[in-house]
2 protein chains.
Amino acid sequence: MNYLDFYTNQSVLITGGLGFIGANLARRLVDLGARVTLVDSLIPDYGGNRFNIAGYEDRLHINIADVRDPYSMRALVQGQDVLFNLAGQVSHIDSMTDPFSDLEINARAQLSILEACRHENPEIKVVYAGTRQQYGKPDYLPLDEKHPQHPTDVNGVNKLAGEWYHIVYHNAYGLRATSLRLTNTYGPRQLMKHNRQGFIGWFVRLAVEGKELQLYGDGQQLRDLTHVDDVVDAFLRAGASDAVNGQVFNLGGSAPVSLLSLAQMLVEIAGQGSVRLVPWPEARKRIDIGDVYSSYARIQNVLGWQPTIDLRSGLAQTLAYYQQHHQHYWKDEH
Amino acid sequence: MNYLDFYTNQSVLITGGLGFIGANLARRLVDLGARVTLVDSLIPDYGGNRFNIAGYEDRLHINIADVRDPYSMRALVQGQDVLFNLAGQVSHIDSMTDPFSDLEINARAQLSILEACRHENPEIKVVYAGTRQQYGKPDYLPLDEKHPQHPTDVNGVNKLAGEWYHIVYHNAYGLRATSLRLTNTYGPRQLMKHNRQGFIGWFVRLAVEGKELQLYGDGQQLRDLTHVDDVVDAFLRAGASDAVNGQVFNLGGSAPVSLLSLAQMLVEIAGQGSVRLVPWPEARKRIDIGDVYSSYARIQNVLGWQPTIDLRSGLAQTLAYYQQHHQHYWKDEH
């Protein structure tokens with residue numbers, strides 16, 4: 001069976017379902033005929049945003065709850081066929097200023113979600129969103145799944161723990177869990193109201209606003225970017241396959257790009273804004289990880305996934321989305 | 001300066017200080033002229049035992065507190081030169097039946113200890129007790145520090161997180177933290193009242209009691225063992241060196257030994273007991289990790305540490321200790 005047909009009439013639960021990746025995944029799943037329930041706590045500084053499911057409100061179920069609440073999760077996993085487990089605290093900066101909230105959401109809540117699955121629905125299929133930040137500063141490039149994990153911040157440590165609980169619950173209890181380690185994801189429906197969730201959303205916003213994009217140092221640091229539609233496709237493939245249970249997979253982008261090239265491309269497509277190089281702030285320099293990009297060879301081999309959206313057209317589509325809908329993503333300054 | 005002289009008049013805090021390794025370390029530090037404070041919560045099923053510091057009660061300070069209590073830890077780290085951070089939930093079995101307590105002690109409490117150090121005593125030197133269980137089932141042997149970490153149980157995941165918070169706090173805040181990844185430690189003052197903290201203490205007890213030592217399968221699984229006096233020596237070396245900050249080191253044993261040989265050696269030295277091979281229980285077989293032993297080349301290079309106590313004489317000394325003091329470690333059955 002085609003992995004897209006798999007979702008017809010499947011009951012699917014998405015934690016972080018009103019967030020960036022969750023909402024894009026939810027929309028796709030509804031289109032594929034799935035019965036979709038979103039769990040989201042709508043914490044103000046996080047990515048949940050009701051506008052993200054505009055036009056789909058009547059075709060899915062929204063359940064406001066916090067993944068840290070073990071009782072809600074025990075009730076919510078019942079009767080579900082697939083869980084896309086995307087809720088997380090994703091700001092590396094916030095993980096250092098408030099390490100305990102990061103631990104509660106990215107580690108403790110993951111354990112309680114897995115306990116809920118194990119006790120209430122041991123047949124459920126679980127796909128977790130890991131991150132290439134688990135690897136830390138690369139020993140070699142591109143990062144493959146055998147690269148040692150030596151994260152550079154509290155968020156990376158907790159994401160690592162959250163992922164490995166999934167693998168342990170597979171190995172010890174047979175839970176059908178897998179993890180996709182995401183790299184920089186961009187596209188419509190991202191959090192844009194502050195700059196603590198990574199550079200890409202912030203750069204896009206500055207380009208839409210016609211402002212100055214600032215880069216540290218010479219801007220030659222390489223990164224890979226994945227369009228959210230490609231990320232959604234990876235989750236759909238992983239959720240429909242039992243070949244991936246107990247395993248972890250990198251996602252990746254088509255080709256590494258320097259931050260400077262990326263910023264220039266955004267300004268060029270937007271037809272406004274500017275790019276400026278500034279010296280490294282000492283505190284940021286100390287935790288910088290240099291060039292980083294991932295190999296997606298493993299998921300390509302096992303699931304046939306590869307990025308399909310080229311960077312320039314993906315960015316153009318992304319800019320167009322926020323040019324039209326920016327009022328739902330940030331407050332304009334006057 | 002010799003690393004032993006370093007401790008004269010140093011203020012040293014030991015979490016888990018009434019436990020197996022903590023108490024052996026405390027006794028040695030008192031003998032070296034350090035001012036020693038032990039933190040222990042004396043949780044009944046854990047390793048804390050007041051008898052472990054018999055004869056030293058008046059030469060050190062005991063502070064009963066739980067490392068999960070952030071306020072106590074903030075007060076306790078003040079004014080200390082060195083923190084040996086040994087408190088932990090060490091039962092792999094318990095980590096699966098009660099994963100949240102394991103997370104609270106091995107992950108969350110570590111974060112709050114590090115926050116306490118960062119805010120109250122940023123100059124403190126910290127040595128953490130990691131574990132080779134962080135590596136999981138070996139990809140190759142012996143395990144070195146570059147071996148990927150893919151733990152097999154919740155305890156391994158949380159110990160990994162606890163260790164990496166230490167490294168992150170070094171890298172981000174300059175905290176002088178390091179981790180020693182312990183393998184199987186044996187010797188006087190171990191928890192022996194139940195068999196959920198690993199095989200070695202339990203085998204020693206069965207030999208002292210003249211009972212049957214049961215091994216799964218053919219008993220040919222290889223393990224390495226370190227005598228607690230050698231482990232203490234490694235902590236002393238690491239605590240006195242700034243060359244190890246931000247780094248992790250394996251400990252190890254002299255030569256890998258099969259569980260069958262180990263059991264036979266114990267029965268032979270004790271002059272009583274017996275050894276029996278039994279089939280693998282299904283639940284244990286599924287999480288078994290086969291042969292496992294570590295390379296200690298890295299700590300040997302950097303700190304000159306190596307195991308010095310050969311297995312047979314170490315076991316003989318260990319058996320003699322428990323033959324004399326067993327009433328302080330377990331209740332005799334009648």
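The structure is a predicted model, in which local features need pLDDT of at least 70, side-chain atom pairs count only at pLDDT 80 or more, and totals for chains, interfaces and linings use all residues. Residues are numbered from 1 along each chain as its sequence is written, while chains are lettered from A and ligands numbered from 1 in the order in which they are written.

**View 1. Relation of chain A to chain B.** The same surface serves both copies, as 100% of the contact residues of chain A recur in chain B; two residues are in contact if their C-beta atoms, placed from the backbone, lie within 7 Å.

**View 2. The side of chain A that touches chain B.** Contacts join 26 residues of chain A to 26 residues of chain B. The elements of chain A that give two or more residues to this side are α4 (99-120), α5 (154-173) and α9 (282-287); helices (H or I, at least four residues) and strands (E, at least two) are DSSP runs, numbered from the N terminus. The largest share, ten residues, comes from α5(A).

**View 3. Helix α1 of chain B.** Helix α1 (residues 20-31) of chain B has twelve residues and reaches 17 Å from its first C-alpha to its last, close to the 16 Å expected at 1.5 Å a residue; the expected span is 1.5 Å times one less than the number of residues. Nine of the twelve residues of α1(B) are buried, so the helix is largely enclosed by the rest of the structure. A residue is buried if 20 or more other C-beta atoms, placed from the backbone, lie within 10 Å of its own, exposed if 12 or fewer, and partly exposed in between. The buried residues include B:Phe20, B:Ile21, B:Arg27 and B:Leu29. Among the elements of chain B against which the buried residues of α1(B) pack are β1 (11-15), β2 (35-40) and α7 (228-239). Just after α1(B), B:Gly33 takes a positive phi of about 95°.

**View 4. The fold of chain A.** Chain A has eleven helices and 13 strands. Of its 334 residues, 53% count as buried.
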